[in-house]
Amino acid sequence: MLKIAKLGNPILRKVAAPINPREIRSSDIQGLIDEMFDVMYDEPGIGLAAPQVSRSVQLVVMGCKDDGGFPETVLINPSIVYYGPEQVENWEGCLSVDGLRGRVIRPSVVRVKGLDRQGKALDFEATGLFAVCIQHELDHLIGKVFLDRMTNMSTLTQLHEFQQYWQKESSSII
Ligand code: ZN
């Protein structure tokens, strides 16, 4: 199983390179996508970006089967082309940041363009947890983690204390 790069690993701070569309169907990229889903579901998480498994390329996998979840999604060379005007605050965590949760304010709606795992063009709007997850994962492709997006560091919480005091609120572990 692929190993997750943890905070402090310089690869998490690099800007990821685009994937040549002609290489998307290669066994290298298709195998990487399958392995990333395996790691994401094993952890468990709802999203994983390639830099988190030490591959600095523009690829993320996402999926959440819970209520209010979203379908399994692969995004290659993605970009957010529109942000909705409304902001929402959610708890976030990260498989590269062990044991911490923090509140992050982000736009509630995004429109995303990119390629799927067949290399087909995608263009869709996302809301709710899916929109939060997309923004969190795409941040990994530009060397950012959710801690960089926190505007109120006093909400930074260790996992045990999160479960004790805050879990009743909506949370998303990414
Ligand atoms: Zn993350």
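Q: In this predicted model, a polar contact is a pair of N or O atoms within 3.5 Å. Which side chain makes such a contact with the side chain of glutamate 89?
A: Glutamate 89 has its place in strand E4, residues 87-94. Leaving aside neighbours within four places in sequence, glutamate 89 is in contact with Arg103, Val104 and Ile105. The polar contact, at 3.4 Å, is with the side chain of arginine 103.

Q: Is glutamate 89 buried, partly exposed or exposed?
A: The relative accessible area of glutamate 89 is 37%. Buried means under 20% and exposed means over 50%, so a value in between counts as partly exposed. Glutamate 89 is therefore partly exposed.

Q: Are cysteine 94 and histidine 140 buried or exposed?
A: The cut-off for buried is under 20% relative accessible area. Cysteine 94 has 4% relative accessibility, so cysteine 94 counts as buried. Histidine 140 has a relative accessible area of 0%, so histidine 140 is also buried.

Q: Which side chain is joined to that of histidine 140 by a polar contact of 3.4 Å?
A: Not counting residues up to four places away in sequence, histidine 140 touches Lys14, Ala49, Pro51, Gln52, Cys94 and Val145. The polar contact of 3.4 Å joins the side chain of histidine 140 to that of histidine 136.

Q: Which element gives the most residues to the largest nonpolar core?
A: This core has 20 residues, and Ile33, Met36, Leu48, Leu59, Val61 and Ile76 touch the most other members. Helix H1 (27-42), strand E2 (59-64) and strand E3 (70-83) each supply at least two residues. With seven residues, the element that gives the most is H1.

Q: Which residues does isoleucine 33 contact, leaving aside its neighbours within four places in sequence?
A: Isoleucine 33 is one of the residues that touch the most other members of the largest nonpolar core. Its contacts are Leu59, Val61, Val74, Ile76 and Arg117.

Q: How many residues are in the second, separate core?
A: Its members include Ala16, Cys64, Phe70 and Cys133. The size of this second core is 19 residues.

Terms used. Residues numbered from 1 in each chain as written. Predicted model: local features only at pLDDT ≥ 70, side-chain atom pairs only at ≥ 80, totals over all residues. Heavy atoms only, no water. Helix = DSSP H or I, 4+ residues; strand = E, 2+ residues; numbered from the N terminus. Buried < 20%, exposed > 50% of the residue type's maximum accessible area, 1.4 Å probe, protein only. Contact = heavy atoms within 4.5 Å. Polar contact = N/O pair within 3.5 Å; in protein donor to acceptor, adjacent residues only side chain to side chain. Core = buried A, V, L, I, M, F, W, Y, C linked by side-chain atoms within 4.5 Å.
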